[in-house]
Amino acid sequence: MSQLPIYGMMAEFDTPQRLMDAAHHTSAAGYRKIDAYSPFPIEGLAEAIGFESNAVPLVVLIAGIVGGVTGYVMQYWMAAVSYPLNISGKPYHSWPSFIIVTFEMTILFAGVAAVLGMLALNGLPMPYHPVFNVPRFAFASKDRFFLIVFASDPKYDASSTRNFLETLDPRAVMEVPS
Amino acid sequence: MSATLHINQSELAAPPVMATLGQRSLVIGLVFVVVCAFGAFTSPHTFYSAYLTAYMDWLGVTLGCMVILMLQHMTGGAWGLVIRRVMEAAVGTLPLMAVLFIPVVLGIPYLYAWAQPQALAKDVPLQQIAHSYLNAGGFVTRAVIYFALWGAIAFFLLRWSAEQDTSSQHSTLRFRVVSGPGILIYALTISFASVDWVMSLQARWVSTIYGMMFIAGQVLAGFCFVVVMETILSKRKPMSEYLHPKEIHDHGKLILAFVMVWAYFNFSQWLIIWNGNLPDEIPWYLRRLNGGWAAVGLALVIFHFVAPFVMLLGRQFKRRTRTMVWIAAMLLVMRYVDLWWNIEPVFSPTIRVTLWTIACPLAIGGIWLWLFARNLRQRPLLPLYAPHVRELLEPAHE
């Protein structure tokens, strides 16, 4: 069997606090390409592994503005340009009656963009991911906490990274084949 | 970290700054009470409308905190536990608010057309309304019922909360037994109260969403007041130990939600009345969009909705008291402006700011804040024996 390229080095922890400590230490040790897995959200963990922000809010904001403008312009064009109707003597461009659809279009565009933007940016759906090559990783959805240092990290070295992770009081350290 | 925490209730006492706040508020309050008492006798025609506005504003903070407190008992969650004592101290001002309602009763002949014989004489339908519902006797009777119901809710929630400070043995079920129906009772009573006290200023004008607008405004006022207080408290022990960005974030999200609910209700009323354009309804807006009042309405759109809405969209903005406090303070001012724009145009077709417009909120607010600070200092700042409180004091997720 040929040797597979290595995806990273994974450490398994018993408690969320150990994972948090390990994430802080790994960051402090200069590793930048790291990730953490836990059965439930842990406050502060994202910041501990160096997460700052993502582009989803920006995508949602832009889509919301586009949706709102589309909704308003569409109604303006229909009611005042394409087929002007005199409704109870009000001006063709009666903005209060346009607001509801404008609002709904804002929400529709922003909501759809939130889902699609999230999927586009996190790469889901993903039929294959190397971390599942580690059999014990199944416990990440149960009661274990995992930290991985990716092989793409400039500081990554199979033996020294393993030794470093061993110092963090893990339950086990495993190499992840790609 | 150790599994058990040894925390003394005395370590959870409110910081001394609350005593200072209380004293200074009382001085300001008493000075302006004298000014207001002078106004009530010398110029009742301009005084009572300002008094009603200021009264509804501070009642909004009180009742808003009461609803949030009941909501916290129903849903639980760290966002509510960290501010529970602040809300309880605010709810504890209800007896004061009941007493301060007396000037509103004294002002009935100056405030309400249905109580003025010369207005009744030329308006036959109004005579029927005044005969069956809007009359001084009914007004006072209904007010007594509202305050009795609110007082009962407040009494039990505060009393049981005090008992909870002595041991962890007490069940929390009874809080929920009162809070669930309490929220419903609040929604119904404030709808009736807003009709009686504010909507009936224009006795022939009807808006079915009016009570909902008061609910949205009062809950918003409650949250904004809480954020201002937690800004002061979180700079000092003990709150600095347990108020995290996550909880401030939750308060920010709730304020954003209620800013939007307030705008939604107000726009709904505007859209329906503007669309119908009926002579029964449209004068309410004509009155408030002429004589300079339109500028106030526009300020409401901008500072009560657009500006807070845009600023509260950002995540980082909502996670810091340093930024949230400005939004909260601005919205508290805009709550008063909103009520002023609802009430004052009834009495003055052109924009009018009197001495009482400034003095009344300071008089009521000064005394109110003094009582609030006093209530807050009497109890630990965290309900130590409430479920999940100890998790707040421990390091994250150990």
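A:Glu12 is found in strand E1 (residues 6-13) of chain A, strands being DSSP runs of E with at least two residues, and helices runs of H or I with at least four, numbered from the N terminus. The model is a predicted one, in which local features need pLDDT of at least 70 and side-chain atom pairs count only at pLDDT 80 or more, whereas totals for chains, interfaces and linings use all residues. Residues are numbered from 1 along each chain as its sequence is written, chains are lettered from A in the order in which they are written, and side-chain values use heavy atoms, with hydrogens and water left out.

A:Glu12 is buried, at a relative accessible area of 0%, where buried means under 20%, exposed over 50% and partly exposed in between (1.4 Å probe, protein chains only). Leaving aside neighbours within four places in sequence, the residues in contact with A:Glu12 include A:Arg136, A:Phe145 and A:Met174, contact meaning heavy atoms within 4.5 Å. The side chains of A:Glu12 and A:Arg136 make a polar contact at 2.7 Å (a pair of N or O atoms within 3.5 Å; within protein, one must be able to donate a hydrogen and the other to accept it, and residues adjacent in sequence count only if both atoms are side-chain atoms).

Between the chains, 13 residues of chain A are in contact with 13 residues of chain B. Across this interface two residue pairs are found in polar contact, both at pLDDT 80 or more. Helix H1 (16-28) and helix H4 (95-122) of chain A are the elements that give two or more residues to the side of chain A that touches chain B, and the largest share, five residues, comes from H4(A).
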